[in-house]
Amino acid sequence: MTAQVLDMVKFLWAHSVLQIVIVFACTLMMVPILTWVERKVIGHMQVRLGPMRVGPHGILQGIADGVKLLLKENIVPSGADKRIFVLAPILSLVPAMIAFSVIPFDHWFYITDINIAVLYVLAISSVGTYGIILAGWSSNSKYALLGALRSAAQVISYELAIGLSLVGPLMMAGTLSMVGITKAQAEHWFLLPQIVGFFIYFVAMLAETNRSPFDLPEAETELVAGFHVEYSGMRFAFFFIAEYANMVLVSSMATVMFLGGWNPPFQMFEVMHVLQKVPGIFWFFGKVAFLLFCFLWVRATFPRFRYDQLMRLGWKVLIPMALGNILVTGIVLALLK
Amino acid sequence: MFGTLFFYYLFFMILASAVMMVTRKHVVHSVLYMLLMFFHIAGLYILLEAEFLAAIQLIVYAGAILVLYLFVIMLVNIKRVQTLREQLFGHLPFALVSAGLLCAGVVTVLARETLLKKPPEVVARVSTLSNPEALGQVLYTQYLFPFEVASLILLVALVGAVLIASRKI
Amino acid sequence: MSNAFKKFIRAVTLVDLFKGLALTGSVWVRSIITPRQVLVTRPYPEVKRPAFPNFKGHHGFLLNEDGSLKCVGCGICAGVCPAKAIRVYTEEGKDHEKVVVGYEIDAFRCIYCGFCQEACPKDAIVLTRLYELADYDNRACYRWKMDRLVEVGKKRPLFRDEVNL
Amino acid sequence: MSTIKITFDDKMYETEPGLTVIQAADRLGVFIPRFCYLEKLSPLGGCRMCLVTLKGVPKLQTACTTPAKDGMEIITRSEEIHKARKAMLEFQLAQHPLDCFYCDKATECDLQDLTYLFADIEHRYDFPPHKRGTVYENRLIERNLERCVHCERCIRVCGEIQGAHAVNATKRGRVTEMREVPGGGECQYCGHCIDVCPVGANLDRLFTYGGRPFQMEMGDSICPYCGCGCTVSLNMRDEKLVRVRPGVDTGVNKGSLCARGRFGWGFVHDPARLTRPLIRKEGKFVEAGWDETLLYVATRLEKIIKEKGPGVVGGIGSVRSTDEANYLFQRFLRTVIGSNHIDSSARLNYAAALAGWLGTKEDAREATFENVREAHRVLVIGADPLETNPILGLAIKAMQNRGGTLWITDPRVTLTTRLSNRHFPISAGAEVPLILALARAGLKDPSLSEFRDTDLAARTGLSSEDLAELAAFLEEDAAKTVILAGRGVTQAPFGATAISLLLRLAATKGASYLFTLDKNNERGSCEMGVLPDRLPGLAPLSEKARFEKAWGGRIPETPGYSAYEMLQAAREGKLSALYIMGENPLVDFPDTKFVEEALGSLDFLVVQDLFRTRTASMADVVLPAASFAEKSGSFTNLEGRVQRFPSLIPTEEGVRADARILVELSRKMGKGFALKNIASLRAEIDSLVPMNGTRRKLEVMGPPLSLPGAEMHWGPGEDPDYPYVLLLTSSLYRNGSMSNRAVGLKKAQQKACVLLNEGDAAVLKTGEGDKVMLISKYGEIQVGVKLCHEIPGGTLQMPEGFSDANPKSLLPHELDQVSRTPMARFVRVKIRKI
Amino acid sequence: MTITLEHYILLGSLLFFVGMAGFLIRRNVFLMFMCIELMMNGVNICFVSFSHYYHNLSGQVFVLFVMTVAAAEAAVGLAIILTLYRNRETLNADEFRLMKH
């Protein structure tokens, strides 16, 4: 009996089904936890308490929110393009989820490894923008539309920076496969040689996920809630989940591209090989968690950009910097060869 | 077998979404159908073992060009777009005749090709490189000059677009 | 070093950004170590902030010592109310006396000016310092009827010295 | 000399002569405070608030009693005057309880206003106020003796204007009390004392503690009771009527109201008001929605019309509803149904008068209220204006106060006969021979020669000398003579002819005439064409082309049935459906049994009313209608004034105004009226009926009326089985289904009672308060007895309009040949004690 | 049944025809632009299929260039549309006839 179950598990694992289920479930479970953590951390940073009501220290707040959203009425505003209005949250959530299929969490734990993995992630995440734009447009609301327009412009601009900042690690690794890139960082992470790239990626990833200080598409003070102002109930929750899934996704990407993926730190020193005793997946998630914490940290610290500042930063600072980084990396690699 | 089925699925979906795209009254709906079509074309490229192109198809077409379309559609007055009068049938005969002529030409060529000549043999793959690597090899050696020209085109387009859109003409 | 160069260095090294991060980060760390000392917010329903001395909140109805209403239904409050928020209903009692059968304040209309309190010849109505106006009943929330006002008048301290919410 | 010069406070004014100083000041806008003075009352000079200084006169004078003379110099403001007035106010306040919180008069109170004006009043008198308490002797008026300032306005208004003398001052000095006069004058519940009281001493008991003026909304409307058409100011609180007062010296009533007008509003918010349409299903009423109900009515009517033609549908319009609704009603029946069977209960009175008017070539002058007030002599024939039209009664009293003479011929003993300077007690039903006699004397018409004076005198029960005096009464000073005629004439056989003769008489002599109308819109309903043979504006049916063009439908050519002919036709099966709008024939029409049989034999009966009246209970469909306060429109009063009024109270859910019901029903019948609101309706009426103050009498006139034969039998005749003659009177407190549901009027008088001569009572061994059974050939009722020595033996009097005992069920209903009005003012009855 | 090159060419050319017909029929400049993209995609499919069947990467390289041109065209074209719209308040290609009159 046990053997049969084990066989079954092995079969499912081999055919990625179980991995998909685990990744999917974990991502979804991250959302309530992350929302709680976010409110708690930012609260503490701003000398507040954060949620305190549901459960001890409000630990069940995320679940309560989820239940609330689940039970809420799904409102379709009058004058909305109903089909697109319904489609938009799905279009937003699905890419965020399927992009996880190429992230290697450990050397034994990834759904698939393809030779264009990085491009795949970029391609899929660029589709997520449609959810936002269409949501804003189909709501028949000026706030939503403005939020969507901002989002579209922002994503187009920062996608370039993200793509270019990833070119450095790619050049160093010489492969587009995620597993390959991670393996290339077994000793030296790309963080140090690609510190400029990491900085650009970090900034662009904040912008790409519409997080503070680049949360202009949903700037509460100006646009009420931006593109999802007309959404309620589970449709709103879809956007919410998509946003957090995207955060986890870009953090995972950063981990893989710059922070050595599942590799423990300081492996250039013999002494530090002890760290390999800790399973790689913990390293991976530790790094992701730190990056996610950075998201919150930044949000609690910096005020929102103005729109022209955002555009100027993207086009006049980050992209030239990224191009320069590629140039320098290329020259150095050529010299080292 | 799976590949065949997949091909027919893609075949049908690409054509269907293309037709839908052309016939939609509302531009945003057209854009959505076009997005659908791009996805399936990307699938087709994967079927044709051009993974890199599949990704680029999504990144460039879906992620950049189509978003730009949507962006501009939203910039112009949508109500006006919706009420745009279209003389659909005024151009229909001309369109059908010219499309039909072209179609006939291609079909005759294809028919002759398939009937008279043997289909081209699939030449055995020599290279062990993966598709992006192989493409890179070709692109940066054989096609280096066109590549540079393409970058120049992009630069000119960039400057031109900014200039046209920003200045009051 | 010249000032401009210093500025450039600051800009390039992002010193200011890191300073900000350091500040929030340190607050966070301290809040985890010694939460009570750092945090300034009040867990509101458990710990309530007393209203300011001149705060005018929920209306209250005062009673005579024998438990009867002080209000005699003269309607001056309704007349003086600039927002027309007060309605007084009186009827003829058994011995032809005037009986206040209904008193209603529309909380949506009320501007808490306190004129009613000033005008009342019997000192029957007061604006207490109660600021919690929410209710579970939708209508009771903005239509304050007599029993609610009496209840408020009974339990809420009204004068500055007594106030200790 | 048309003006005099008078100086107030060094400022010279010109004014008309013959005024007192305070009147001149009021006209010129100079303020002089007062408590006791009121322009319509005689001056008293009691309150001393109007003290002024006359140059050259050492002491202060009361402005209300001093006549203004040319060149008079008056100072109204000075230290001395202020001190004097303040002292008077201090006296008043020493006695006055400061209970403004409890007093309903607060904010409308003259004492309060003046106290604020003299803000620095000292209170030096420290004697305990005289505890006098509040008196509830009057059922509708509370008299708070402590608040009284002894201005005696109430006493004077009650005596001088109302003539009731129900209030008077008792005791002397500071303990003077205004009390009901025990056993003296009888309060008529006009409530005038409430209005004139400057403080809260006289208060409306229906309104006690009902609210403050700033909590109420007020709007003017027209009283829905009698034909006077008084302007009433409705006071609403939270969209509910709480008080009715007269408009401020506006309208025909000039600040007066009667009991009905002031205290009769209770029906508006009566819980018995219908709020949902009712459909009879399997013998029981079921509530239904409006759409459903109107559709049901429409389909039923259409079915009946399809099966039997439009001639089997009739309609009874309303003398209670507005001109507009009546106009729509007849338009609905004439064009949508296609039937001329239209009538209303105006048939019982005004329709007959109208027939007489239309049959007279001579155009007599129609009097107005103002004419009556200023007349020198008034002759009343067969009417009781003090009961039926109290404000007209007030005008007569005012005429008498000015030295005018009131003569009345009436078989009954009524308020008016008591007030009259001379009463000619004619025998029952003798109005027509009396008029014939007067006409013979006054007109010299050869066609009247067949009647012999002695014969007529015998018929009237008057001596020839009396008749000669009456005839002479009309000869003198005719321009200042008003002839008032009422139901006594219109409901008599050949009543229309008699009216015609009366009008000829008035026209020949130059006297003016007026008809007393019991119901508020009798005249309006007739003039709007709710008549079987007349179109709006009283246009004859031959003019129908004009209306057909405007209405876009066919109007039948032949005149329809009048009310009783409709009922007769229904009994005979010639009428299948009847639409009754706001009428209660089962109660208001004579011969109840006949009416009941007639209504019972109908296939389909629609009743549109405020209440589930007895008639409504027989209906197949009952439609709840709006009351006067809830709808807008106009009423035409007995002078012919068309008075518009707005809707002041929102209708309850499910209640709709008459006009709206008719418009919607017409839509359901597929021939919808394209009317948006009452204003557009009024515009349509105005375009079709160009009244412009002068009626085109010659254009609408009918053929002259035939005279009765000389051998005509007039009176109740003799019948040993039914020894008593019952005469119907009107009551001030009851006037139909609305007044029976008004709390105030119920308080004023509970029950109807029959007036019986003391001698007859002794024979019958009944006393005051006993219950008796009155039995006639047509029905029987139970009623209490009240003894009255003024009534001649063998005669009974009983008021109509009470719901508990309805004398109409005792009456016969023979129709007059000319006016087709039932002749029903008296009936022979027998009495059985129970 | 195996999928031959002809299948792909057929698909590519049909896509091209749809795009062409759309370009001729529709008067909305946005849709006309999108139809051009459609035609380019039809061509791209042919290129990639050639590249696959003849094992020559030049086809894919060409597709890359086509995409580059398409992107450039979209950028410039949309800028022109935006300017036209600002000036003419319409998106109907038939109404852009300033040169005619």
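Visitor: What is the area buried between chain A and chain B?
Guide: The model is a predicted one, and in it 23 residues of chain A are in contact with 25 residues of chain B. Carbon and sulfur atoms give 83% of the area buried between these two chains, and that area is about 2,200 Å².

Visitor: Which residues of chain A lose the most area to chain B?
Guide: Three residues of chain A stand out here, and together they account for 28% of what that side buries. They are Y130(A), W137(A) and L149(A).

Visitor: Which element gives the largest share of the side of chain A that touches chain B?
Guide: Two or more residues of that side come from each of α4 (82–98), α5 (117–138) and α6 (142–173) of chain A. The largest share is 9 residues, and the element that gives them is α5(A).

Visitor: What is the area buried between chain E and chain B?
Guide: This contact takes 71 residues from chain E and 83 residues from chain B. Carbon and sulfur atoms give 76% of the buried area, which is about 7,200 Å².

Visitor: How many residue pairs are in polar contact across the interface of chain E and chain B?
Guide: Across this interface the rule finds 0 salt bridges. Polar contacts are found there, however, and with both residues at pLDDT 80 or more the number of pairs is 5.

Notes: Residues are numbered from 1 along each chain as its sequence is written. Chains are lettered from A and ligands numbered from 1 in the order in which they are written. This is a predicted model: local features need pLDDT of at least 70, side-chain atom pairs count only at pLDDT 80 or more; totals for chains, interfaces and linings use all residues. Side-chain values use heavy atoms; hydrogens and water are left out. Contact means heavy atoms within 4.5 Å. Buried area is the accessible area (1.4 Å probe) that two parts lose on being put together, summed over both. A salt bridge is a side-chain nitrogen of Lys or Arg within 4 Å of a carboxyl oxygen of Asp or Glu. A polar contact is a pair of N or O atoms within 3.5 Å; within protein, one must be able to donate a hydrogen and the other to accept it, and residues adjacent in sequence count only if both atoms are side-chain atoms. Helices (H or I, at least four residues) and strands (E, at least two) are DSSP runs, numbered from the N terminus.
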